[in-house]
Amino acid sequence: MYVDDTIDRITEEAVEKSSAKWIAPGSILFVTRSGILRRKLPVGLTKSKVTVNQDIKAFTPVDILPEYAYYYSLSVSEQIRRECAKDGTTVESIDTKKLYNFPVSYPSLPEQRAVVSKLEGLLLALDRSVLELEGARARLGVYRMSVLREAFAGRLTGAWRVENRSSIEININKFIDEAREVEYKNQYDEYEALLREYSKSSGDAKRPRKPRKLDIPNKPTEKHESLKWEIPEQWNWSQLGSIGFVTKLAGFEYTKLVDYIDEGTIPVIKAENAGKRGFKPTKFSRVNKDTVLNLPRTDLKGGELLVTFVGAGTGDVAIVPSDKKYFLGPNIGMVRPYLDVLPKYLQYFFQSPGGHQMILATIKSVAQPSLSMRTIRQAPIALPSLLEQHQIVAEIESRLSVAEVLEREIVVGLERARGLRMGVLKRAFVGGLLTEGELNSISQKRPVPPEAE
């Protein structure tokens, strides 16, 4: 409500020597030029004298209580944003003339005081409810992280391992090596089949490329090693690049080979689809099947691990849905496992506090955070047997399912509270807040004008 402190400051002398002007306490501030105006119109009330820049306009009430004017402005802020928007500007702006001419209606000062008093009591109760709901939501977030931390230290499946010892005593690293050999052999067999087809084709055909040996990731860094934690003796530390093929859509491919078309049949997955909690459907761009044929390694079949490698969501992971084919778009990497590993296990591991730190251990942050495919391959991962992966995922989901139901209820409660807040504000300024008895009481307390005596 009150604007009583700022990051930037100015001296009295600077105000005197510039075009800046002091804004009196009790003035209403409107943001009139900002990208935030796409979503809402910020409104503030000054508690002390301030100056403003060119993106803010001030209104000093006369014959209106500052608090009443502030709450009134909030109640009509969406209407102001809609009706006073300036056309033809690159940055969202409010037309100052339209803002100054926006109609304001108000009752007598005693009624204004009564409205503000009752309004503040109701809003205070709503704000307390919102704080309680947000606190409960934060505690659920802490609980979620605690469950994931326990899961990947092996503590959720300790008793299960004792009961199933004979079924999980395997050499996981040997299993990974064998899976990589099978993967390379499959790639080579496919290459030889394509080569036979090529030998029968005309001279215009493109010769198939011989598969490279599978990438071997760089050894974990010292930081990676320092982040590792104690895991059960039946588990092994491996690396993403050891258990799967890691790739992205390269820049030259994106600019030269990818065309988005409305009638395309294959949706394109981008960084926005990997959220804090996994895959987020969006309004997808689309490509046609020829694009996929030109870039077969970015053809997603479902079950691959997605990793955002640039921007604010760097390190966020998700699993590609298996409902249809997708195409790997910009700013997001893909890990397609060589061996039989549970996709949900990979997602939960890198969403856990320790796993998320692992994938961000080599992050670069110059203009914006980023990871390379090399550093994604390098990320360590704690691997149990496939059987125990299933058990871990089941243990996680049995605990988080109740928390997710509670969180959905909290989100509904928060939305309801925000709706009630705006509803109370609107009622206050159409005469629906004060009861008839309260209005009569105000009327009786008014001083009698001299001419009426």
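This is a predicted model: local features need pLDDT of at least 70, side-chain atom pairs count only at pLDDT 80 or more; totals for chains, interfaces and linings use all residues.
Local features need pLDDT of at least 70, side-chain atom pairs count only at pLDDT 80 or more, and totals for chains, interfaces and linings use all residues. Residues are numbered from 1 along each chain as its sequence is written, and side-chain values use heavy atoms, with hydrogens and water left out.

Begin with strand β3, residues 43-46. Strands (E, at least two residues) and helices (H or I, at least four) are DSSP runs, numbered from the N terminus. Two strands pair if DSSP finds at least two bridges between them. Strand β1, residues 2-3, pairs with β3 in the parallel sense over two bridges, and Tyr2 stands opposite Leu45. Strand β2, residues 28-31, runs antiparallel to β3 and is joined to β3 by three bridges; here Phe30 stands opposite Val43. Val43 and Leu45 point one way from β3, Gly44 and Thr46 the other way, and all are buried. Buried means under 20% relative accessible area, exposed over 50%, and partly exposed in between (1.4 Å probe, protein chains only).

Next come the rings. Rings of Phe, Tyr and Trp (its six-membered ring) pair if their centres lie within 6.5 Å; planes under 30 degrees apart count as stacked, over 60 as edge-to-face and the rest as tilted. The structure holds 13 aromatic pairs. The rings of Tyr184 and Tyr188 have centres 6.1 Å apart and planes at 45 degrees, so this pair is tilted. Both lie in helix α8, residues 172-200, and because they are four residues apart, about one helical turn separates them. Tyr184 counts as buried at 17% relative accessibility, while Tyr188, at 25%, is partly exposed.
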